Amino acid sequence: MAAPTPPRILLILALLLAASFPSNTRAAAAAPLSTSPFDAALAALQSRVGYAFRAPSLLRRAMTHASYSRENGRALAVLGLAAAESAAALRALAADLDAAPSAVSRAVSEAASSAACARAGARLGIPHVVRVAGRTSASEPTVVCGALRALVGAIAVDANSTDAAGEVFWRLHALTAAASAATAAV
Ligand SMILES: *[C@@H]1O[C@H](CO)[C@@H](O)[C@H](O)[C@H]1NC(C)=O
């Protein structure tokens with residue numbers, strides 16, 4: 001009889017492998033075995049944001065500061081700001097079609113301001129997610145705001161819709177404003 005050694009070894013290996021991962025199948029389906037801390041942070045961020053990316057590479061890019069990589073969220077942030085401004089202008093006019101131009105303008109610049117955006121980003125935990133390098137601090141308001149705008153822009157690209165991005169922006173903005181108001185009232 002010819003030695004059937006190689007196939008048998010493969011079979012035994014397969015059985016051993018199957019036996020050593022008895023209950024990991026569900027975990028493996030939820031997150032690839034190669035998951036890095038950054039990937040885990042991105043997954044948690046998606047659930048906090050309430051948006052699941054079709055292309056998670058867009059979220060990686062959004063959560064990467066220019067100090068860290070040439071592939072970063074700066075261009076996405078341009079789109080994110082535009083989507084945020086358009087969402088704010090639409091809300092203002094939907095609430096009052098007779099609003100003065102200056103009032104609409106003010107509503108837009110308040111909602112899409114760097115300060116409001118840094119607060120929303122901090123509340124989302126972006127300082128614990130965004131990748132920075134060198135002397136850049138991940139909790140610097142400009143970094144946090146840039147990353148939040150990049151996130152909104154990334155959603156616009158992912159969903160091929162500035163409306164979808166504007167909705168997410170507005171929800172995050174409203175939650176942050178409500179939280180600040182609650183804190184101020186205490
Ligand atoms: C994105 O949306 C535009 C406008 O609705 C549409 O023309 C285009 O085909 C869409 N692109 C993709 C990749 O779905």
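Predicted model: local features only at pLDDT ≥ 70, side-chain atom pairs only at ≥ 80, totals over all residues.
Colleague: How do you know which secondary structure the protein chain has?

Modeller: A run counts as a helix when it has at least four residues and as a strand when it has at least two, and on that basis the protein chain comes to nine helices and zero strands, so the pattern read along the sequence is α-α-α-α-α-α-α-α-α.

Colleague: What share of the contacts with a separation of 6 or more joins residues 24 or more positions apart?

Modeller: Such pairs account for 66% of those contacts in the protein chain, where a contact requires heavy atoms within 4.5 Å.

Colleague: Why is the largest set of buried nonpolar residues called a core?

Modeller: The name requires buried residues of the nonpolar kinds to be joined through side-chain atoms within 4.5 Å, and the largest set that meets this requirement has 41 residues, with Met63 and Leu151 having the most contacts inside it. Two or more residues come from each of H3, H4, H5, H7, H8 and H9, and H8 gives the most, with twelve residues. Apart from this core lies another, of five residues, including Ala92 and Val104.

Colleague: Which residues does Met63 touch, leaving aside those up to four places away in sequence?

Modeller: Met63 touches, among others, Phe38, Leu42 and Leu45, as well as Ile126, Val129, Ala147 and Leu151.

Colleague: How do you know what span to expect of H3?

Modeller: The expected span is 1.5 Å times one less than the number of residues; H3 has 13 residues, for which 18 Å is expected, and the helix reaches 18 Å from its first C-alpha to its last, close to that expectation.

Colleague: Why are the buried residues of H3 said to line one face?

Modeller: The buried residues of H3 are Phe38, Ala41, Leu42, Leu45, Gln46 and Val49. Seen down the axis of H3, they fall within an arc of 140°, and therefore they line one face of the helix. These buried residues pack against H4, H8 and H9, whereas the face turned away from the buried side carries Pro37 and Ser47, which are called exposed because the term applies over 50% relative accessible area.

Note on methods: Residues numbered from 1 in each chain as written. Heavy atoms only, no water. Buried < 20%, exposed > 50% of the residue type's maximum accessible area, 1.4 Å probe, protein only. Arc of directions from axis to C-beta.
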